[in-house]
There are 2 protein chains.
Amino acid sequence: MSGDSMTTAPTLSLIPQRALSAADSLDPSAMDNAAHQETPVFALHRGGKMEIAATVPLRDRADLSLAYTPGVAEVCTAIAERPELARDYTWKSHVVAVVTDGTAVLGLGDIGPLAALPVMEGKAVLFKQFGGVDAVPICLDCTDVDDLVETIVRLAPAFGGINLEDISAPRCFEVEARLRERLDIPVFHDDQHGTAIVLLAALRNAATVTGRTLGDLRAVISGAGAAGVAIAKILVGAGIGDVAVADSRGVVESGRADLTEVKQELCLFTNRTGLSGSLESALAGADVFIGVSAGQVPESAVATMAPGCIIAAMANPNPEIHPDVARKYAAVVATGRSDFPNQVNNVLAFPGVFAGAMSVRASTITESMKLAAAEALAAVVADELSPECVIPSPFDPRVAPAVSAAVAAAARAAGVARL
Amino acid sequence: MSGDSMTTAPTLSLIPQRALSAADSLDPSAMDNAAHQETPVFALHRGGKMEIAATVPLRDRADLSLAYTPGVAEVCTAIAERPELARDYTWKSHVVAVVTDGTAVLGLGDIGPLAALPVMEGKAVLFKQFGGVDAVPICLDCTDVDDLVETIVRLAPAFGGINLEDISAPRCFEVEARLRERLDIPVFHDDQHGTAIVLLAALRNAATVTGRTLGDLRAVISGAGAAGVAIAKILVGAGIGDVAVADSRGVVESGRADLTEVKQELCLFTNRTGLSGSLESALAGADVFIGVSAGQVPESAVATMAPGCIIAAMANPNPEIHPDVARKYAAVVATGRSDFPNQVNNVLAFPGVFAGAMSVRASTITESMKLAAAEALAAVVADELSPECVIPSPFDPRVAPAVSAAVAAAARAAGVARL
């Protein structure tokens with residue numbers, strides 16, 4: 001038995017994947033775990049949603065001498081001499097860190113890094129399933145911007161990309177900006193740019209369906225957080241007619257004295273017609289409503305929008321304007337929900353964006369790469385456009401390859417590709 | 001095509017796993033990559049050695065609504081209320097961070113975090129293959145003790161254990177000690193304790209083979225780095241007769257004025273007979289030689305050791321005493337090499353140690369758990385002991401379950417188990 005026999009399959013059973021039970025726990029509160037065991041959600045989450053798998057054989061001493069010592073030393077030495085070889089001979093080229101501090105998790109808010117882990121695991125498995133990108137959940141126990149930036153810079157060497165997730169505004173803007181300066185790998189805050197890319201794709205197709213172009217449209221965004229700011233930027237970059245952003249105090253405009261730095265910057269390129277006052281008043285005559293907030297919009301305000309308007313009410317689970325109401329006034333209606341047509345779902349963007357950027361070893365993700373992603377995503381359903389189909393299904397297998405190819409081409413065109 | 005069809009297999013081909021080639025690279029130096037492509041080691045390392053795999057289905061909207069939004073929010077909320085549930089419903093209970101700063105990688109020294117990645121990936125796949133433990137390589141771009149400790153504390157929430165690797169002495173001692181204080185998960189510097197556990201197991205069996213007990217033995221360790229210090233500690237903890245440690249300047253003893261803090265501490269529990277002077281002089285009459293250094297020991301010094309002595313010369317690839325020489329004087333000879341009998345290989349310890357500790361959700365790894373691991377490891381070959389077999393093969397499938405069970409039992413006995 002002590003010879004060089006082939007090893008058996010991994011002994012996964014060494015670590016039990018089960019809930020604490022009263023019988024084998026010192027924790028008297030363990031008994032009420034039974035409640036969690038009963039629902040399909042908790043049953044599915046037992047033991048987590050992911051694992052590591054080796055992609056090389058480890059059957060005998062010969063395998064070990066290649067994958068580990070002494071052979072591995074040759075690879076280490078080569079990388080020490082030529083760092084770019086790490087992309088060829090480690091998993092760096094295809095692994096992303098999904099990084100959060102747990103301050104803005106789903107609609108739950110600041111629940112902390114540990115409680116954010118199920119979302120980050122979910123994100124990681126979506127990366128793999130939809131983009132073939134390996135992803136590792138990293139939940140950081142710090143919230144200071146300096147601490148977040150330094151920590152992420154320090155852990156970056158083993159990763160080929162950084163997907164920031166569920167970090168609250170306005171810290172998320174500075175964290176991303178500083179990481180983009182410090183790192184030579186793609187850094188992408190999905191709550192901003194993933195949402196913006198998918199929304200832009202939907203809006204392009206909605207404009208086409210209603211016989212217009214982006215330049216014909218005046219949009220109003222409800223919500224000036226991570227998603228709202230990023231959507232405003234990408235719409236302006238894509239050539240929208242005008243866009244105004246409203247926060248809980250009304251339209252963001254330069255006359256307001258209460259604006260954060262990020263909102264002051266918004267004034268430079270949004271709201272060219274100089275709207276002020278409430279969100280509701282801004283909707284009068286608007287062509288597009290984009291909801292990325294938790295607030296509700298009264299039907300009376302929806303009724304004042306332009307004929308043939310477009311409504312993307314993406315709050316979850318309760319859209320700012322319920323689709324049944326929106327349909328009474330709008331030519332195209334989108335939501336963030338899977339049980340209505342036109343779901344604006346980030347999974348349509350981030351797997352392909354990272355796959356495309358990493359396939360050419362891009363040093364960053366440029367605005368042009370995001371715009372290319374949106375165009376490619378919109379084009380997937382170009383031949384089947386209708387008011388009920390302005391965006392592909394998350395399960396459409398054409399999506400990730402199309403987005404990936406477009407992002408890779410845009411990276412080459414932008415001069416940030418290294419392959 | 002845009003309906004809720006089942007997704008195809010992960011589109012892994014989106015990110016090419018290949019070397020830079022002159023044809024598609026702007027890097028003129030890429031042409032000499034051809035050299036790397038030719039050896040089996042580089043061919044095996046192409047694209048790295050590991051990947052992420054989902055352990056839950058993601059076929060349709062129903063799956064997505066359980067594994068991701070909206071279902072996942074229930075799990076997040078439950079963990080926010082009761083943090084210990086993270087062990088039940090995320091991968092935390094079975095995932096270890098393999099953390100290095102790249103300062104003491106194999107025998108290569110300070111090659112930096114990126115060049116260390118192939119070793120960390122190798123370690124990660126060994127964790128999985130031999131212990132069923134998922135492991136993620138984390139290569140940190142900082143070397144200051146404070147920075148390392150803070151960074152590791154911050155990234156700890158998503159992990160169930162921290163395996164420190166290839167961090168140079170003496171910083172490794174302080175990093176580990178401070179992390180053990182700050183974190184409630186196992187922290188284990190494998191270069192210290194993995195080596196110490198396996199060596200102790202080998203020495204126990206070697207003593208038995210030669211008709212002695214540990215208490216009968218006087219040992220000399222060559223090397224006062226991470227492994228040497230840890231071996232000294234575990235041997236004293238296990239009840240060895242006496243042990244002296246020698247660094248490049250000779251035996252560590254309290255009369256020396258050049259001792260670091262760690263070596264001063266060694267004086268408190270080693271070298272009870274008050275040896276001083278050279279390693280060679282200390283070997284006169286010694287029962288055990290333990291080599292964890294790069295130096296060579298002259299045959300004339302080996303010849304002065306006690307009859308029936310035990311030699312474990314673990315320097316790689318060149319043992320401090322070549323086995324052919326050692327066998328002339330010693331009753332039992334061990335090395336770190338796979339091509340001689342009695343290979344002292346850390347893979348005999350770390351997978352089972354972490355699997356055992358994590359299987360009972362231990363908050364730390366105690367000295368008693370390490371001693372239990374060594375005893376269990378030694379016991380695996382108790383019925384087949386011989387001078388050529390004092391330690392199991394790394395591929396012996398009995399090893400990890402035996403070590404894991406012993407470590408789990410010791411954790412319960414020590415009161416650090418939480419399951």
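This is a predicted model: local features need pLDDT of at least 70, side-chain atom pairs count only at pLDDT 80 or more; totals for chains, interfaces and linings use all residues.
1. Extent of the interface. Chain A and chain B bury about 12100 Å² between them, and 67% of that area lies on carbon and sulfur atoms. Each side is counted separately: 132 residues come from chain A and 132 residues from chain B. Y89(A), R154(A) and F395(A) supply 7% of the area that chain A buries against chain B, more than any other three residues.

2. How many salt bridges does the rule find between chain A and chain B? There are four salt bridges across this interface. In a salt bridge between the two chains, the side chain of E51(B) meets that of K128(A), with 2.9 Å from N to O. The interface of chain A and chain B also holds 31 residue pairs in polar contact, both residues being at pLDDT 80 or more.

3. Composition of the chain A side. Helix 6 of chain A, residues 112-131, gives the most to the side that touches chain B, with 15 residues. The residues on this side of chain A divide into 71 nonpolar, 32 polar and 29 charged.

4. Helix 17 of chain B. This helix covers residues 399-414 and has 16 residues. From its first C-alpha to its last, helix 17 of chain B reaches 22 Å, close to the 22 Å expected at 1.5 Å a residue. Just after helix 17 of chain B, G415(B) takes a positive phi of about 75°.

5. The buried residues of helix 17. Which residues of helix 17 of chain B are buried? They are V399(B), A400(B), V403(B), S404(B), A406(B), V407(B), A408(B), A410(B) and A411(B). An α-helix has 3.6 residues a turn, so residues three or four places apart point the same way.

6. A serine in a strand of chain A. S222(A) is found in strand 6 of chain A, residues 218-222. Is S222(A) buried or exposed? S222(A) counts as buried because its relative accessibility is 9%, and the cut-off for buried is under 20%. The side chains of S222(A) and S293(A) are joined by a polar contact of 3.0 Å. Leaving aside neighbours within four places in sequence, S222(A) is in contact with A246(A), L279(A), F289(A), I290(A), G291(A), V292(A) and S293(A).

Note on methods:
Residues are numbered from 1 along each chain as its sequence is written. Chains are lettered from A and ligands numbered from 1 in the order in which they are written. Side-chain values use heavy atoms; hydrogens and water are left out. Helices (H or I, at least four residues) and strands (E, at least two) are DSSP runs, numbered from the N terminus. The expected span of a helix is 1.5 Å times one less than its number of residues. Buried means under 20% relative accessible area, exposed over 50%, partly exposed in between (1.4 Å probe, protein chains only). A polar contact is a pair of N or O atoms within 3.5 Å; within protein, one must be able to donate a hydrogen and the other to accept it, and residues adjacent in sequence count only if both atoms are side-chain atoms. Contact means heavy atoms within 4.5 Å. Buried area is the accessible area (1.4 Å probe) that two parts lose on being put together, summed over both. Ala, Val, Leu, Ile, Met, Phe, Trp, Tyr, Cys and Pro count as nonpolar, Asp, Glu, Lys and Arg as charged, and the others, Gly among them, as polar.
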